[in-house]
Amino acid sequence: MSFRPSREPSNRPAKIPTRSARRKTLRHRLKRYWREALAVLFVLVLVSTAAIVVNFRADEPEEKQDTWREKIQVSGTVGRIPTISLSSAVSVASVKMSDLEVGMGREITEGSPLIVALWSFDGATGQALTDSGRGNVQVGLATAEDFDEVLLKGVVGKTEGSRVLFVRPVESGGRVSTEINVVDILHSAASGEVVEGKDSPLRVTITDTGPNIAHDAGNPPADLQVQMLIAGDGEQVGSNDNVLMQYVLANWEDSVVVDSTWWTGVPKAINIAEAMPGVRLALIDQRVGSRVAITIPPEMASGDSTVTMVVDIIATQAQGGTLTPSTTVKEEVTS
């Protein structure tokens, strides 16, 4: 085995770099320092930018999917059949409520008369849940005995003429789905435009206990007399409708009141086809919201004597709709 002999240390002096060599070395060092500095600066810029973006996004509201309310569009006039459209299916786990219209009528207080019209729709498709599309009119006092507690919670404190949207989960056959309800709080008295009085046999004044009917002394008219006091703009009464109304019925001869819904403030319902002939002829084709005064001769009433009535038309329901008043009319109106 052989080894290479080691070099002898040199006694020659170290070579001094030339000026150009020193400049070249300095340039290389400066370039290296600049590259390192730029790299550090680049990293700092990236970190700063990321921090700014994170903070900016934290300040922004989070993007969210449409809420149940944003998915539902309701159109139509209070008191008439509403139309709804859905941007997508609606599903809720608990009851939701939203005011659609605010009315100008009487405020609903606990225990006061309450009339609502309710329409139901499928939360998945927006389709009406009744074939006719007609709603359900419910009448009574604003108590748990007459109305569903959830509905009461949504309407007590509201005013007549308002429309309220309810969305709720329902269970049927072990399957949970979502139902949409549009609820109109109907006026409990005529709500149209006042009509200037013309020559007519009856004078009607409104008191705290309802209409008061007066007339000049003398014999009653021989024919049926119908006076328009307030002209409504709602649906027209059909010949076979169930009509919800406030009324006062009095004798012509002595002005004694025979019957009045105003004693309780809760309107009553009749089937127009079963009403006394004078009432039927006077109300067919009249519009919801109207108030009419009627003078009915004996042959078109109960046959005993002339009677007078003031009727406020609150709602009307044709076949396909339901009308569920808490009370029904007395025999005098339907005999």
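Which strands each supply at least two residues of the lining of the second largest pocket? In this predicted model, the answer is strand 9 (202-207) and strand 11 (225-231). Strand 11 gives the most, with six residues.

Let's stay with that pocket for a moment. The second largest pocket holds about 390 Å³ of space. It has 19 lining residues, and those closest to its centre are Gly197, Ser200, Gln227, Met228 and Leu229.

Now for the largest pocket, which has about 630 Å³ of space. Here 34 residues make up the lining, with Val78, Gly79, His187, Ser191 and Asp233 closest to the centre. Strand 4 (113-122), strand 5 (136-141) and strand 16 (307-317) each bring at least two residues to this lining. Strand 16 gives the most, with five residues.

Here are the two linings, sorted by class:

| Pocket | Nonpolar | Polar | Charged |
|---|---|---|---|
| Largest pocket | 15 nonpolar residues | 14 polar residues | five charged residues |
| Second largest pocket | 10 nonpolar residues | four polar residues | five charged residues |

How do you spot spaces like these? Rolling a probe the size of a water molecule over the atoms shows where empty space is left.

Finally, have a look at the surface. Phe42, Val43, Leu46 and Val47 form a nonpolar patch there, and together they have about 400 Å² of accessible area. One of them, Val47, sits in helix 1 (residues 19-59). Is Val47 buried or exposed? Val47 counts as exposed because its relative accessible area is 52%, and the cut-off for exposed is over 50%.

How values were computed:
Residues are numbered from 1 along each chain as its sequence is written. This is a predicted model: local features need pLDDT of at least 70, side-chain atom pairs count only at pLDDT 80 or more; totals for chains, interfaces and linings use all residues. Side-chain values use heavy atoms; hydrogens and water are left out. Patches are made of residues with over 30% relative accessible area and no salt bridge: like charges are joined within 9 Å, nonpolar side chains (Val, Leu, Ile, Met, Phe, Trp, Tyr) within 5 Å. Accessible areas come from the Shrake-Rupley method with a 1.4 Å probe; for residues, only the protein chains shown count as cover. A salt bridge is a side-chain nitrogen of Lys or Arg within 4 Å of a carboxyl oxygen of Asp or Glu. Helices (H or I, at least four residues) and strands (E, at least two) are DSSP runs, numbered from the N terminus. Buried means under 20% relative accessible area, exposed over 50%, partly exposed in between (1.4 Å probe, protein chains only). On a 1 Å grid over the protein atoms alone, a cavity is a set of points where a 1.4 Å probe fits but cannot get out, and a pocket is an open set with protein on both sides within 12 Å along at least five of seven lines; lining residues have an atom within 4 Å of a point. Grid points are joined across faces, edges and corners, and a volume is the space filled by probe spheres set on the points. Ala, Val, Leu, Ile, Met, Phe, Trp, Tyr, Cys and Pro count as nonpolar, Asp, Glu, Lys and Arg as charged, and the others, Gly among them, as polar.
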